[in-house]
Amino acid sequence: MTRIKLNVDGVRYDDDVEPRTLLVQHLRDRIGKVGTVVGCDTSNCGACTVLLDGVSVKSCSVLAVQADGKAVTTIEGLAEPGGALHPVQRAFHERHALQCGYCTPGMIMASVSLLADNPDPTDAEIREGLEGNLCRCTGYQNIVRAVHDAAAAMADGGGAAPPQVPAQAAPEQREVAV
Amino acid sequence: MIPVSFDYQRPSTVDEAVQALSAAGDDGKVLAGGQSLIPMLRLRLSAPSVLIDLGALADLRGIREDGDGLLIGAMTRHADVLANPLVRRYVPLLAQATATVADRQVRHLGTLGGSLAHADPAGDLPAVAVALDATMEIAGPDGQRTVPAGDFFVDYLTTALGPADVLLGVRFPSHEGWGTHYEKFQRMAQAWALVGVAATVRRENGTIAEARVALTNMGPVPVRARAVEDALTGAASTADAIAAAAGLAGEGTRPTSDLTASAEYRAHLATVLTGRAVSAAAGVG
Ligand SMILES: Cc1cc2nc3c(=O)[nH]c(=O)nc-3n(C[C@H](O)[C@H](O)[C@H](O)COP(=O)(O)OP(=O)(O)OC[C@H]3O[C@@H](n4cnc5c(N)ncnc54)[C@H](O)[C@@H]3O)c2cc1C
Ligand code: FES
Ligand code: FES
């Protein structure tokens with residue numbers, strides 16, 4: 001077992017983990033962040049995308065021990081504490097950028113990361129920027145529209161919530177014994 | 001699926017990493033960004049009993065000017081390479097090829113050193129290292145040594161790195177002012193190259209004074225297309241001269257046939273893509 005400290009969606013978690021534990025398993029099975037889903041066994045689908053220290057990663061392809069000392073933002077940490085949706089969430093909702101919704105948590109997290117680097121992407125830049133995320137329902141048209149809408153809303157100051165809470169700002173602490 | 005159990009170590013110096021690897025013998029494995037290794041562990045194609053994570057070796061992450069070129073730490077992530085103005089200035093070919101690697105998520109974690117050490121024949125960066133005559137800085141049980149890229153790639157997924165060696169960084173000679181292009185042929189987004197061509201040329205008064213061309217996935221290791229380079233050197237920078245040189249791209253290659261492409265198709269692609277890559281690098285057409 002290896003001791004790790006993570007800040008997940010603004011809350012600090014100290015846990016003992018087996019080194020082979022994948023970050024996504026740790027988030028779902030230990031911390032209860034079941035909003036982050038697993039869609040494949042091959043690191044291709046991107047459904048498991050979270051932000052690690054502010055940048056998008058596939059949490060099925062990171063060991064929990066590699067995330068020690070870092071801040072993780074999942075889909076569950078994106079809305080404001082009062083419940084107001086993040087502009088990307090709102091745009092996916094309004095544009096109906098989903099069918100079954102399985103790819104949606106990963107699509108939204110990947111879009112948040114993309115817009116942080118490129119606040120006003122073209123259609124082609126959105127498609128390239130989301131190439132690590134697959135939608136088996138193939139609802140890509142509305143996904144691209146939603147990302148454009150979110151970009152516009154964020155440019156208008158539509159509540160571009162900071163994508164991550166710095167590790168120092170941990171408001172609570174939880175210990176898990178194994 | 002999850003990996004089989006292993007011991008995990010995170011050394012804080014290169015010496016400790018080499019010692020840990022020496023102690024682990026054939027059962028140890030370096031973990032860098034994990035973007036090739038973790039998928040293999042998950043599919044249980046690889047099952048080392050000790051993983052030695054280089055994540056705490058901050059000295060191995062960074063890009064700096066070094067003599068006539070750049071020294072890029074092995075743990076420098078693809079995303080860092082892409083964002084770096086020195087890379088765009090001195091080795092734009094590396095930036096172009098890195099932009100085609102995988103997707104944003106993988107580029108946020110995967111490292112330059114990991115891509116080279118992994119030595120996948122379809123990986124995009126080995127051909128760039130070979131085309132640009134990069135050199136590898138390696139630390140091992142007998143001290144530090146330098147290996148030219150041309151000698152580093154030994155076979156399919158096999159390099160000059162021994163089991164207790166750590167790749168520290170890569171030196172790229174400056175190609176400031178050269179025209180460059182990486183042409184990658186892939187069937188879909190996020191896919192590996194069926195064939196790729198890394199090309200860079202120096203033009204002088206309408207002729208190609210020097211050319212460097214290397215091919216991805218035309219054999220178990222990246223292939224330097226010497227016949228193409230020789231034909232281009234001193235040639236007029238015209239579509240006809242480039243097409244004639246590109247026709248030689250198959251020489252010295254050993255492409256494989258697999259589910260996605262036959263060897264004959266790959267040989268054909270190599271000539272077409274070499275023509276495109278060199279034309280783009282030379283600004284022709
Ligand atoms: C979905 C997906 C798509 C991809 N598509 C592409 C693509 O199109 N083109 C492409 O080029 N790559 C692609 N990759 C691979 C990607 O580039 C990886 O980042 C890279 O191959 C490995 O880098 P890493 O840092 O993650 O290394 P790791 O996975 O950590 O390690 C890879 C291997 O190298 C060894 N190693 C790593 N660093 C060192 C070191 N410093 N010293 C000694 N040994 C070391 C490890 O022991 C291991 O054997 C893809 C990966 C994924 C998951
Ligand atoms: S579950 Fe992580 S990429 Fe598919
Ligand atoms: S909405 Fe079903 S997978 Fe994307």
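Student: How many salt bridges does the structure hold over all chains?

Tutor: It holds 25. A salt bridge is a side-chain nitrogen of Lys or Arg within 4 Å of a carboxyl oxygen of Asp or Glu. This is a predicted model: local features need pLDDT of at least 70, side-chain atom pairs count only at pLDDT 80 or more, and totals for chains, interfaces and linings use all residues. Residues are numbered from 1 along each chain as its sequence is written, chains are lettered from A and ligands numbered from 1 in the order in which they are written, and side-chain values use heavy atoms, with hydrogens and water left out.

Student: What makes A:Asp117 and B:Arg104 a salt bridge?

Tutor: Their closest N and O atoms are 3.2 Å apart. The limit is 4 Å, so the pair counts. The pair crosses between chains, from helix H3 (residues 104–117) of chain A to helix H6 of chain B. Helices are DSSP runs of H or I with at least four residues, strands are runs of E with at least two, and both are numbered from the N terminus.

Student: Which residue forms a salt bridge with B:Arg42?

Tutor: A:Asp41 does, with the closest N and O atoms 3.1 Å apart. That value lies within the 4 Å limit, so this pair is a salt bridge too. Across the interface of chain B and chain A, the rule finds four salt bridges. Side chains of opposite charge can pair when their charged atoms come close.

Student: How do you know that chain B is in contact with chain A?

Tutor: Contact means heavy atoms within 4.5 Å. By that rule, 30 residues of chain B touch 32 residues of chain A. The two chains bury about 2600 Å² between them, 50% of it on carbon and sulfur atoms. Buried area is the accessible area (1.4 Å probe) that two parts lose on being put together, summed over both.

Student: Which residues of chain B lose the most area to chain A?

Tutor: B:Arg42, B:Arg104 and B:Gln105 do, together 28% of what that side buries.

Student: How many residue pairs are in polar contact across this interface?

Tutor: The rule finds 14, with both residues at pLDDT 80 or more. A polar contact is a pair of N or O atoms within 3.5 Å; within protein, one must be able to donate a hydrogen and the other to accept it, and residues adjacent in sequence count only if both atoms are side-chain atoms.

Student: Which elements of chain B give two or more residues to the side that touches chain A?

Tutor: Helix H2 (37–42), strand S3 (50–53) and helix H6 (104–109) of chain B do. H6(B) gives the largest share, six residues.

Student: How do you know that S12 and S13 of chain B pair?

Tutor: Two strands pair if DSSP finds at least two bridges between them. Strands S12 (residues 195–204) and S13 (residues 207–216) of chain B have nine, in the antiparallel sense. The bridge partner of B:Glu204 in S13(B) is B:Thr207.

Student: What is the order of strands in the open sheet of four?

Tutor: The order is S11-S12-S13-S14 in chain B, with antiparallel pairing. S11 (179–185) and S14 (223–224) stand at the edges, each with a single partner strand, so one side of each has no neighbour in the sheet. Helix H12 (residues 263–282) of chain B packs on this sheet, touching S11, S12 and S13, and its direction makes about 35° with that of S12(B). Axes are lines fitted to C-alpha atoms, for helices over the stretch in contact, and angles run from 0 to 180 degrees between N-to-C directions.

Student: Why are S1 and S2 of chain B at the edges of their sheet?

Tutor: Three strands form this open sheet, in the order S1-S3-S2, and the pairing is parallel. S1 (7–9) and S2 (28–31) of chain B are edge strands because each has a single partner strand.

Student: How many bridges join S1(A) to S5(A)?

Tutor: Two bridges join S1(A) to strand S5 (residues 71–73) of chain A, and these strands run parallel. The rule asks for at least two, so they pair. In S5(A), the partner of A:Val8 is A:Val72.

Student: What makes phi of A:His96 worth noting?

Tutor: Phi is near 50°, a positive value in a residue other than glycine. Most residues other than glycine have a negative phi. A:His96 lies in the loop between helix H2 (87–94) and H3 of chain A.
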